[in-house]
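Subject: Handover of a structure and summary of findings

Dear colleague,

Please find below the structure that I am handing over to you. I would be grateful if you kept it open while reading the notes that follow.

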Amino acid sequence: MDILIAVLGFAVSAFLAFGFFKAGKFKLTASRDTLLGAGFGWVEKTSMGAVRTLALLEVLGAIGVVLAPAA
């Protein structure tokens with residue numbers, strides 16, 4: 001039973017990390033027009049520096065979700 005819980009925990013962590021990474025990578029590489037076209041209306045009122053910082057934090061969050069169980 002413990003192995004099943006560990007495997008399920010790893011699967012959920014991997015799924016969460018994948019989501020954080022994809023969201024962060026998209027915001028890091030996309031232009032303001034692309035982000036607005038994708039439905040990120042808040043980007044219009046926010047500086048691109050803040051958007052890039054948020055994206056970097058999402059990528060770091062993905063790394064943290066993967067590495068935290070190893071620590």
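Leaving aside its neighbours within four places in sequence, which residues is Lys 27 in contact with? The answer is Leu 35, Phe 40, Trp 42, Val 51, Arg 52, Leu 54, Ala 55 and Glu 58. Please bear in mind that this is a predicted model. Its mean pLDDT is 92, and 100% of the residues reach 70 or more. Confidence is lowest in H1, with a mean of 92, and highest in H2, at 95.

**Lys 27 and Glu 58**

Lys 27 belongs to helix H1, while Glu 58 lies in helix H3. Side chains of opposite charge can pair when their charged atoms come close. The structure holds one salt bridge. Its partners are Glu 58 and Lys 27, whose closest N and O atoms are 2.9 Å apart. This pair links distant parts of the chain, since Glu 58 in helix H3 and Lys 27 in helix H1 are 31 residues apart. The side chains of Lys 27 and Glu 58 are also joined by a polar contact of 2.9 Å.

Are these two residues buried or exposed? A residue counts as buried when its relative accessible area is under 20%. Lys 27 is therefore buried, because its relative accessibility is 6%. Glu 58 is buried as well, because its relative accessible area is 15%. Not counting residues up to four places away in sequence, Glu 58 touches Phe 20, Ala 23, Gly 24 and Lys 27.

**Helix H1**

Helix H1 runs over residues 2–29 and has 28 residues. At 1.5 Å a residue it should span 40 Å, and its end C-alpha atoms are 40 Å apart, so the two values agree. The buried residues of H1 are Ala 17, Gly 24 and Lys 27. They pack against helix H2 (32–37) and helix H3 (48–67).

**Helix H3**

How many residues does H3 have? It has 20, and from its first C-alpha to its last it reaches 28 Å, close to the 28 Å expected at 1.5 Å a residue. The buried residues of H3 are Met 48, Val 51, Ala 55, Glu 58, Val 59, Ala 62 and Val 65. These residues lie on the same side of H3, because they cover an arc of only 120 degrees around the axis. What covers them includes H1 and H2. The face of H3 turned away from this buried side carries the exposed residues Leu 57 and Leu 67.

**Arg 32 in helix H2**

Arg 32 is found in helix H2. With a relative accessibility of 30%, Arg 32 counts as partly exposed, because that class lies between the limits of 20% and 50%. Which residues does Arg 32 contact, leaving aside its neighbours within four places in sequence? They are Val 43, Glu 44, Thr 46, Ser 47 and Met 48. To the backbone oxygen of Val 43, the side chain of Arg 32 reaches at 2.6 Å. Met 48 is 16 residues from Arg 32 along the chain, and their C-alpha atoms are separated by 7.5 Å.

Yours sincerely,

A colleague

Technical notes. Residues are numbered from 1 along each chain as its sequence is written. This is a predicted model: local features need pLDDT of at least 70, side-chain atom pairs count only at pLDDT 80 or more; totals for chains, interfaces and linings use all residues. Side-chain values use heavy atoms; hydrogens and water are left out. Helices (H or I, at least four residues) and strands (E, at least two) are DSSP runs, numbered from the N terminus. The expected span of a helix is 1.5 Å times one less than its number of residues. Buried means under 20% relative accessible area, exposed over 50%, partly exposed in between (1.4 Å probe, protein chains only). Contact means heavy atoms within 4.5 Å. A polar contact is a pair of N or O atoms within 3.5 Å; within protein, one must be able to donate a hydrogen and the other to accept it, and residues adjacent in sequence count only if both atoms are side-chain atoms. A salt bridge is a side-chain nitrogen of Lys or Arg within 4 Å of a carboxyl oxygen of Asp or Glu. pLDDT is the predictor's confidence in each residue, from 0 to 100. The arc is that of the directions from the helix axis to the C-beta atoms.
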